[in-house]
Amino acid sequence: MSNIIVPLPANLVTDVGDPGWMSKGDNAWQMTAATLVGLQSVPGLIILYGGAVKKKWAINSAFMALYAFACVLVCWVGWGYRLSFGEKLAPFWGKLNVALDQEYLLAPGFAGKFPTATMVFFQFVFAAITLVLIAGALLGRMNFYAWMLFVPLWLTFSYTFVAFSIWSPGGFFAKMGLIDYSGGYVIHLSSGVAGFTAAYWVGPRLSKDRESFPPNNILLMLAGAGLLWMGWTGFNGGDPYAANIDASLAVLNTHVCTATSLLTWLIFDIIFFRKPSVIGAVQGMITGLVCITPAAGVVQGWAAIIMGVLSGSIPWFTMMVVHKKSAILQKVDDTMAVLHTHAIAGSLGGILSGIFAEPHLNNIFYGNYNKYIGLFYGFNTKQVKLGFRQLGVQLLGIIFVTLLNIIVTSLICVLLQYIVPLRMSEEDMAIGDEAAHGEEAYAIWGQGEKMDSSKYDIEAPVSAKHRHAAGQVEMT
């Protein structure tokens, strides 16, 4: 009987552009996930910031996000990626090198079944959104030239340090067993602490802007928030580095926690302020997304619900009660409240990961069954010591990221003060976009205030501009 050789289907035949080690499905999903995360920044946070601020700051706020995205990419391929994920130089940092030559980019990535080029792009969009989130604390007064220098410096001396420590296989906290599934520490705790610290050094907005800073376009803000929420499918779904069951669980947990957090925040607003606030709902959405991020693929669905309730209530309390009663916190002008929505929500997620991380799910993600055990399951499986150890590692990670970002961000701001003013002049802040960029977002009247037609005497002539803006009919 003769041997019959059956050729492989065409889609399974390997060639120089489709090596045997690469999974087409995983590579396609990874690039899709990266694009979804990129869309969270461009245009997501661009239009969220542009709509959430006073009209005179719409362009400046959007432009800070756009600039950061572009600047980070150039720095990332130039040195950022290899410092974050390259060969180990120290327990907290990789060796300095570029990520531009084809031999390096077309080789297998440090994880997953796809090329390094895909990994470089995927990790870039996370680095970029971290700087964009920091910008949220500085809107409405930071000198754009200072921001242009701040972005590459902070990326180089803070982000790469934390990313290597926690995410790189050779990093100190990675070896210790810190659970940060998709960036609760590396991105959100870092951006929240760094943003609040930078806000301290930059100084506040004008007093009248702090007292009244109405969004110029809430519907546009909601569009940006929608992109942010849906983009989180790639944010958390891409971190198993494979289109597998853990990615599916991470995506579902992400949206369940976020919806629960939004509803919880909304209920608190209704109970205490007697009105449902759409801006408050967006805040609750963000805290839910941030809280589930370090745990998305390693906790069960019921835990995601609990995390949503806590992320919709604890940051609400710190923002609405603690912040307003604290003279120290009120001295710092954190425009988009990133301390509460990112630093506190990210820390909360990190702690809850140390409680609810399920051993089997950790084994799927990390490939180590006995190293990652949440405290709840430590009691359940009589491995209490391991559960307390995990919680201790999570708390140690919070301390490390917080202290590092306070120190590095402060040093960068102090250095920049000798090069360029961190804060715009009082005169320029009174004008806004026109002074900073020579451009205006809208050629309409006012800064979001309601038109009070009673202040115009009907006997006196009213300018055509004000008549048009107020919807008045010319009287003759």
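**Helix packing and local backbone features**

Helices α1 and α9 run roughly antiparallel to each other in this predicted model, because their axes meet at an angle of about 160 degrees, and angles over 145 degrees count as roughly antiparallel. Helix α1 spans residues 24-52 and helix α9 spans residues 218-237, and the two axes lie 7 Å apart. The crossing of this pair is left-handed. Of the residues in the contact of α1 with α9, 19 are nonpolar and eight are polar, while no charged residue takes part.

Helix α1 also holds P43. The peptide bond that joins V42 to P43 is cis, and its omega is near 15 degrees.

The crossing of α5 and α17 is right-handed, whereas that of α1 and α9 is left-handed.

Helix α10 covers residues 245-273, a run of 29 residues. From the first C-alpha to the last, α10 reaches 42 Å, which is close to the 42 Å expected at 1.5 Å a residue. At the start of α10, a side-chain oxygen of N244 comes to within 3.2 Å of the backbone nitrogen of D246. At the other end, α10 is followed by R274.

R274 is not a glycine, yet its phi is positive, at about 65 degrees. This residue belongs to the loop between α10 and α11, the latter being residues 278-292. R274 has a relative accessible area of 69% and is therefore exposed, the cut-off for exposed being over 50%.

A positive phi is also found at K382, another residue other than glycine, where the value is near 60 degrees. K382 lies in the loop between α16, residues 375-380, and α17. The relative accessibility of K382 is 78%, so this residue too counts as exposed.

Inside helix α7, which comprises residues 184-202, S191 is found. The relative accessible area of S191 is 0%, so S191 is buried, the cut-off for buried being under 20%. The side chain of S191 reaches the backbone oxygen of I187 at 2.8 Å.

Technical notes:
Residues numbered from 1 in each chain as written. Predicted model: local features only at pLDDT ≥ 70, side-chain atom pairs only at ≥ 80, totals over all residues. Heavy atoms only, no water. Axes fitted to C-alpha atoms, helices over the stretch in contact; angles between N-to-C directions. Helix = DSSP H or I, 4+ residues; strand = E, 2+ residues; numbered from the N terminus. Parallel < 35°, antiparallel > 145°, perpendicular 65-115°, else oblique. Left-handed = near helix turned anticlockwise from the far one by under 90°. Nonpolar A, V, L, I, M, F, W, Y, C, P; charged D, E, K, R; others polar. Expected span 1.5 Å × (residues − 1). Polar contact = N/O pair within 3.5 Å; in protein donor to acceptor, adjacent residues only side chain to side chain. Buried < 20%, exposed > 50% of the residue type's maximum accessible area, 1.4 Å probe, protein only.
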